Amino acid sequence: MEVVTEAVNNLSISDGGAAAAGGAEGHKKNRIQVSNTKKPLFFYVNLAKRYMQLHEEVELSALGMAIATVVTIAEILKNNGLAVEKKIMTSTVDVKDETRSRPIQKAKIEIFLGKTEKFDELMAAAAEERAEREALAEAEAEAEEQS
């Protein structure tokens, strides 16, 4: 999980957008389209935190089986005091399937989350804790080298 957190922390988000953002309805800078096969759960949790730091709110979107993953991400952010639920929308969309002649319908969910009042405070505390852990690990590594 540390590697995922580090990867998201080192991720730069530009106007071109991250690989997880964008979509057929036009590019939204604060939208994360979640897949339950491409990235681990906490990649999306940490990405959502980064998006909320930049945009005040984030839109989590998923189709079909990935809906449970989006709900889990939203609940983790809410239970940790980082996000509040703004709006939830559900719909059905037609998805083209190469093996069939006609499109199949898939369920779609969009969850809009906003920052809590304590978001910045909690993120700063987490960053401080992470820095302390890294400093401790460095000191331990140095001590081990000297012995």
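In which hand does H2 pass H3 in their crossing? The legends below take up this and other points of the predicted model.

**View 1. Crossing of helices H2 and H3.** H2 passes H3 in a right-handed crossing. H2 covers residues 41-55, and H3 covers residues 67-79. Their axes come within 10 Å. The crossing angle is roughly 55 degrees. Angles of 65 to 115 degrees would count as roughly perpendicular and those under 35 as roughly parallel, so H2 and H3 are oblique to each other.

**View 2. Residues in the contact of H2 with H3.** H2 contributes Leu41, Phe42, Tyr44, Val45, Ala48, Lys49 and Met52. From H3 come Thr69, Thr72, Ile73, Ile76 and Leu77. By class, the contact has 9 nonpolar residues. A further 2 are polar and 1 is charged.

View 3. Glutamate 56 sits in the loop between H2 and strand E2. Strand E2 spans 57-63. Phi of glutamate 56 is near 70 degrees. That is a positive value in a residue other than glycine.

**View 4. The protein chain as the setting of the close-ups.** The chain has 4 helices and 4 strands. Along the sequence they follow the pattern α-β-α-β-α-β-β-α. Of the 147 residues, 32% count as buried. The accessible surface comes to about 9600 Å². Carbon and sulfur atoms hold 49% of that surface. Among contacts with a separation of 6 or more, 67% join residues 24 or more positions apart.

Note on methods
Residues numbered from 1 in each chain as written. Predicted model: local features only at pLDDT ≥ 70, side-chain atom pairs only at ≥ 80, totals over all residues. Heavy atoms only, no water. Axes fitted to C-alpha atoms, helices over the stretch in contact; angles between N-to-C directions. Helix = DSSP H or I, 4+ residues; strand = E, 2+ residues; numbered from the N terminus. Parallel < 35°, antiparallel > 145°, perpendicular 65-115°, else oblique. Left-handed = near helix turned anticlockwise from the far one by under 90°. Contact = heavy atoms within 4.5 Å. Nonpolar A, V, L, I, M, F, W, Y, C, P; charged D, E, K, R; others polar. Buried < 20%, exposed > 50% of the residue type's maximum accessible area, 1.4 Å probe, protein only. Areas by Shrake-Rupley, 256 points an atom, 1.4 Å probe, with all protein chains shown as cover.
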